[in-house]
Amino acid sequence: MAAFSTTDTIVAVATPPGRGGLGLVRLSGLAAEPIVRRLTRRRTPFVPRHATFARLADVTTVDATDDVTPPARIVDHVVVTWFAAPHSFTGEDVVEIGAHGSPVLLQRVVELAMAAGARLAEPGEFTLRAHLNGRLDLVQAEAIADLVDAVTPLQARAAMDQLEGTLTEAIGRVDAALFDLIARLEASLDFPEEGFHFVTRADAAAEVEAVRATLAMLVTEGRAGRVVREGRLVVVTGAPNAGKSSLFNALVGASRAIVTDVPGTTRDVLSERVDVGGVPITLVDTAGVREARDVVEAEGVRRAIEAQTVAAVIVEVVDGSAPLPAVGAGGGDAAKDRATSPAPRIIVVSKVDRPRAWPNATLGDAADRIVETSVVSGAGIDALRRRILSALTSRDEWRDTPAVTNLRHVAQLETALAAVERAAQELDAGATEELVLAGLSDARAALEAITGVRAPDDLLRHIFSRFCIGK
Ligand SMILES: Nc1nc2c(ncn2[C@@H]2O[C@H](COP(=O)(O)OP(=O)(O)OP(=O)(O)O)[C@@H](O)[C@H]2O)c(=O)[nH]1
Ligand SMILES: [Mg+2]
């Protein structure tokens with residue numbers, strides 16, 4: 001990112017690559033309005049916040065003020081909207097050019113704007129400018145990237161809450177409580193003799209405890225909320241013919257994997273994105289694990305076992321209508337597979353529309369982790385979804401949108417929590433104001449890094465580098 005230069009005027013296509021009815025080119029900076037005025041050969045400025053129809057022309061080869069040269073070639077009919085500073089997304093002069101949605105055309109408009117003095121925007125540079133100009137804090141800027149990337153409605157809601165400032169407010173309240181306590185402790189320091197003058201040790205302890213409880217709650221929420229933002233890998237495993245691919249298809253909601261009554265049908269690893277209770281999971285179907293009959297199957301089995309090592313949750317399918325495979329629930333090498341993966345396992349007893357070949361109790365300890373399913377009747381599929389969600393987030397549904405979803409925020413909240421816990425211990429141990437203050441100040445610093453009050457340049461660079469161009 002070009003050293004955060006905010007003096008030049010930037011331009012980029014704001015709409016996604018590819019064809020569409022309309023496309024949007026956005027400019028931000030001091031020269032935005034004059035540049036577009038020149039491209040549309042207007043003599044008077046645009047009216048702020050008015051949509052103005054205009055003919056955008058290739059003025060690079062002609063002098064717009066010279067009436068003798070032939071008229072410039074018209075590039076497109078566009079609608080121009082000027083948002084005068086500071087009432088714009090970035091806080092600078094912003095001009096949006098609504099053009100027809102052809103990639104070549106939009107590219108041409110960008111090139112013409114560049115020929116007229118604009119610079120191509122870096123990824124996330126519009127949002128970065130909005131942040132640097134105080135229009136958004138870091139949480140809100142990050143929320144914009146999450147909102148654009150959201151693939152489940154819950155992800156979009158969580159991002160929108162953060163954009164609306166709910167997390168910022170929650171952090172602000174904790175920060176204000178800390179600031180208030182710090183101010184009184186510091187005032188006490190000005191007195192040479194010992195003692196907590198402006199706040200008693202007991203009151204200080206109670207206030208620190210209130211802050212600790214709020215932070216602990218946010219950290220817990222954030223650990224589960226991260227899964228909503230990041231998604232997880234869920235691997236379906238089990239013996240050949242157990243009904244893995246049938247279950248995979250039922251969860252995906254489409255006949256994606258081949259299903260036959262021939263054991264060894266699935267020979268490769270198949271994956272599909274699925275929304276499970278708002279969490280975008282990558283569901284993976286695998287080959288049945290058994291002594292392979294040929295090299296292709298052997299490779300499939302190897303990949304199946306490998307997939308388990310990266311799974312967040314393993315769904316182990318056991319055919320309820322057939323005799324149990326010899327060792328363990330999952331067939332031949334199940335005991336060995338289990339040892340290689342620390343991921344929680346959900347045991348699915350499949351095909352329960354058929355007569356059962358064995359009672360659940362046969363599985364011993366694993367019996368209370370069983371979900372009985374049938375893809376014929378649809379029984380147990382929703383229960384399995386809830387079970388997957390609770391294995392990932394410790395809840396079986398999200399009643400409220402998670403307040404914290406971003407790993408960076410969770411990490412800072414954890415740092416703040418640890419610092420507050422340290423301060424609580426110091427207080428408890430009868431330490432001086434200085435020692436207590438050190439912990440509380442560290443906690444504030446961690447909180448301020450979340451919203452960006454104290455964000456260093458390299459942090460900003462890191463955060464904005466994952467935006468796409470035009471955002
Ligand atoms: N009645 C009944 N049959 C099922 C059910 N689930 C799967 N089957 C049948 O069981 C057979 C095997 O199903 P698959 O889904 O291909 O099993 P798989 O575990 O993917 O098998 P491999 O890929 O060979 O390891 C097919 O004939 C399915 O129609 C079920 O819930 N009820
Ligand atoms: Mg299969």
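Guide: Ser-394 lies in the loop between H11 and helix H12 (407–428). The model is a predicted one, and what follows describes that model. Although Ser-394 is not a glycine, its phi is positive, at about 60°. Most residues other than glycine have a negative phi, and most peptide bonds are trans. Is Ser-394 buried or exposed? Ser-394 has 11 other C-beta atoms within 10 Å, so it is exposed.

Take H12 to begin with. It packs with helix H7 (residues 201–230) at an angle of about 155°, and the axes are 9 Å apart. Angles over 145 degrees count as roughly antiparallel, and H7 and H12 are therefore roughly antiparallel to each other. Their crossing is left-handed. The residues in the contact of H7 with H12 are 17 nonpolar, two polar and seven charged.

Which residues of H8 are buried? They are Lys-244, Ser-245, Ser-246, Leu-247, Phe-248, Ala-250 and Leu-251. Because seven of the nine residues of H8 are buried, H8 is largely enclosed by the rest of the structure. Just after H8 comes Gly-253, with a positive phi of about 80°.

Helix H8 (residues 244–252) contributes three residues to the shell around ligand 1, the most of any element. In total, 24 residues surround the ligand, and the closest are Gly-243, Ser-245, Ser-246, Thr-266 and Gly-288. By class, the shell has seven nonpolar, 12 polar and five charged residues.

Arg-41 is not a glycine, and its phi is positive, near 55°. This residue is in the loop between helix H1 (32–39) and strand S3 (51–57). Arg-41 counts as partly exposed because it has 16 C-beta neighbours inside 10 Å, whereas Ser-394 is exposed. A further backbone feature is the cis peptide bond between Ala-85 and Pro-86, where omega is about 0°. Pro-86 sits in the loop between strand S4 (74–83) and strand S5 (94–101).

Two packed helices are described by the angle between their axes and the distance between the axes. For helix H3 (residues 125–132) and helix H4 (residues 138–149), the axes come within 9 Å and cross at roughly 160°. H3 and H4 are therefore roughly antiparallel to each other. H3 passes H4 in a right-handed crossing, whereas the crossing of H7 and H12 is left-handed. On the H3 side Thr-127, Ala-130 and His-131 make the contact, and they meet Leu-138, Ala-141 and Ile-144 in H4. That contact holds four nonpolar, two polar and no charged residues.

Terms used: Residues are numbered from 1 along each chain as its sequence is written. Chains are lettered from A and ligands numbered from 1 in the order in which they are written. This is a predicted model: local features need pLDDT of at least 70, side-chain atom pairs count only at pLDDT 80 or more; totals for chains, interfaces and linings use all residues. Axes are lines fitted to C-alpha atoms, for helices over the stretch in contact, and angles run from 0 to 180 degrees between N-to-C directions. Helices (H or I, at least four residues) and strands (E, at least two) are DSSP runs, numbered from the N terminus. Angles under 35 degrees count as roughly parallel, over 145 as roughly antiparallel, 65 to 115 as roughly perpendicular and the rest as oblique. A crossing is left-handed if the near helix is turned anticlockwise from the far one by less than a right angle, and right-handed if clockwise. Two residues are in contact if their C-beta atoms, placed from the backbone, lie within 7 Å. Ala, Val, Leu, Ile, Met, Phe, Trp, Tyr, Cys and Pro count as nonpolar, Asp, Glu, Lys and Arg as charged, and the others, Gly among them, as polar. A residue is near a molecule or strand if its C-beta atom, placed from the backbone, lies within 6 Å of it. A residue is buried if 20 or more other C-beta atoms lie within 10 Å of its own, exposed if 12 or fewer, and partly exposed in between; C-beta atoms are placed from the backbone.
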